[in-house]
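Reader: Please take me through one part of this model closely. I would like to look at the aromatic rings and how they pair up.

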Amino acid sequence: MSEGTTGKPAHLSGENVHWDLRDSMSYGDYLNLPQLLSCQRPLTARHDELLFVVIHQASELWMKLCLHEIGAAIRQIRDGDLGPAFKMMARVARVQVNLIQSWEILSTLTPSDYSSFREALGRSSGFQSYQYRMLEFRLGNKHADMARVFESHPEVYAEVHAALNEPSIYDESLALLARRGFAIPKDKLKRDFSQTYVSDPRVTAAWREVYRDAETHWDLYELAEKLVDLEYRFHLWRFSHMKTVERIIGGKTGTGGTSGVAYLQKALALRFYPELWDVRTEI
């Protein structure tokens, strides 16, 4: 490798690199890398356990960002300011691509690899991911029983319970439709938001108006498509999860007590925004 007159590699010649960071904040300082990289603590000496830990921790970081963006998007929709909300929802959709791809990496774990350290997990399971549950609730898939697993951790339970009881991004979207003059039933606007949303043909009719005159209702039309995109990718994530679990553990029971693959298959049938799917049949 050629070197410049300073003795440094030639490709850095003329660059005003800050070499001495003793009195400055570094990249590692800003990102708290020592703390972050000390969080990967496999419980066994098995080579493949680090992969399992990293995939799940990285997914939790991405979900943290998703919660940040969805929470802000909900506030923007509530204020009727859809432009920023679209950017936030589009960002979440991009993050979802990474979450889906993570299952591709985890699928390199063979049944033998996983069984070599699975017992060390005890009862811990992705079912207990409170960020996942909060994200699911804020997107609109409300099932109160799912919060019960967090009752032994009061602070976490309070956060999950708040997400359960607050209007979801779909609830706020329907409220916006009502403010714009669409005939959204009152029982959809004033309800117990902790309960599972039930499809209503009158809401389908409102979305049909939006789709049939997209030019007039362009921002609502785009909102509908952004919502569909979020749910579509969420189901792709769930499907990839299910197939990865099936590939690695077959029909075994999950470490969290669920039926494993059979439970994940049931979750694939759930719909967050039923009228946005129903309206496609009518267009």
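Author: Start with the whole chain. Of the 283 residues in this predicted model, 42% count as buried. The secondary structure comes to 13 helices and zero strands. The C-alpha atoms fill a box of roughly 75 × 55 × 35 Å along the principal axes. Take contacts between residues at least 6 apart in sequence: 70% of them join residues at least 24 apart.

Now the rings. The structure holds 15 aromatic pairs. One of them is Y170 with W207. Their ring centres are 6.5 Å apart and their planes meet at 20°. Planes under 30 degrees apart count as stacked, so this pair is stacked. Y170 sits in helix α8, residues 169-179. W207 sits in helix α10, residues 201-212. The pair therefore ties together parts that are 37 residues apart in sequence. Y170 has a relative accessible area of 1%, and W207 has 0%. Buried means under 20%, so Y170 is buried, and W207 is buried too.

A second pair is F234 with W237. Here the centres lie 6.2 Å from each other, with 40° between the planes. That pair is tilted. Both residues belong to helix α11. They are three residues apart, about one turn of the helix. F234 counts as buried at 4% relative accessibility. W237 is buried as well, at 12%.

Next, step back from the single pairs. Ring pairs link W103, Y132, Y170, Y197, W207, F234, W237, F272 and Y273 into a cluster. Both pairs described above have their residues in that cluster.

The largest share of the lining, nine residues, comes from α3. The pocket has a volume of about 1400 Å³. The lining divides into 23 nonpolar, 18 polar and eight charged residues.

Key. Residues numbered from 1 in each chain as written. Predicted model: local features only at pLDDT ≥ 70, side-chain atom pairs only at ≥ 80, totals over all residues. Heavy atoms only, no water. 1 Å grid on protein atoms, 1.4 Å probe; cavity = no way out; pocket = protein on both sides within 12 Å on 5 of 7 lines; lining within 4 Å. Points joined across faces, edges and corners; volume = space filled by probe spheres on them. Helix = DSSP H or I, 4+ residues; strand = E, 2+ residues; numbered from the N terminus. Nonpolar A, V, L, I, M, F, W, Y, C, P; charged D, E, K, R; others polar. Buried < 20%, exposed > 50% of the residue type's maximum accessible area, 1.4 Å probe, protein only. Contact = heavy atoms within 4.5 Å. Phe/Tyr/Trp six-rings, centres within 6.5 Å; stacked < 30°, edge-to-face > 60°.
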